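Below is a short briefing on one protein chain. Please look through the sequence and the model before reading the points.

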Amino acid sequence: LPRFGAPRTADKSPRHMTREICRSWRVPLVTLFAGLASADGDDGGEGKCMGWRQTAGCSPSGRREPARDRGCDVSIGQDWSGYCECAGGVRAAESTCTHESFTCEAKCREQWAWLREQRKKRAEQEKEVESASADDNLAKLYKRGKGFYVMGNTELALRHFREALKLDPEHGACKADYKQAKKLEKLLGKLEGVMGKEVE
């Protein structure tokens, strides 16, 4: 067992190195995921600025220097590093020591406008995926129903046509084939009845 007071050696274990790598990516990832999560939630207070958060080392992910934090309406110097903290845990204007002057109030408004736009695009993309999936299922159901109809299996043909019409009740070709399959099913039923009586 190690003695109390013994000097600590640098931790070079894989777990420690992985933690260090993740920490270096923490700022941009936290900014993105926190922002999108906030944009999906309650919109109350969105765009609100909490203030400028100063960091050391000319890096927005550097060590925090709370004593040099500033208010939202303060013009941030071109040689300051840090980021603007906005409502909902959102970060904006992550800056090194070379940038144009700005205020966090304006940057938070811009960041939230961008997040709202991303949320809108994501919703549109999800609708497109759902629509494409529905269209794909419709085409498959109709194609299978048509195949069973050609083979004379009206029971399975009608089952697939019904499922397809649930997705699109106005599908012209499917409606027409469904009617034809119904007629064929009735005709086959009558033939089976006649043949049954002749056998008796």
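How many helices and strands does the chain have? The chain has four helices and three strands, where helices (H or I, at least four residues) and strands (E, at least two) are DSSP runs numbered from the N terminus. This is a predicted model, in which local features need pLDDT of at least 70, side-chain atom pairs count only at pLDDT 80 or more, and totals for chains, interfaces and linings use all residues. Residues are numbered from 1 along each chain as its sequence is written, and side-chain values use heavy atoms, with hydrogens and water left out.

**Chain overview**
- Along the sequence the pattern reads α-β-β-β-α-α-α.
- Of the 200 residues in the chain, 26% are buried (under 20% relative accessible area; exposed is over 50%, partly exposed in between; 1.4 Å probe, protein chains only).

- Ile-76 is in contact (heavy atoms within 4.5 Å) with Trp-52, His-99, Ser-101, Phe-102 and Cys-104, leaving aside residues up to four places away in sequence.

**Helix α4**
- Leu-187 lies in helix α4 (residues 172–199).
- Leu-187 counts as partly exposed because its relative accessibility is 46%.
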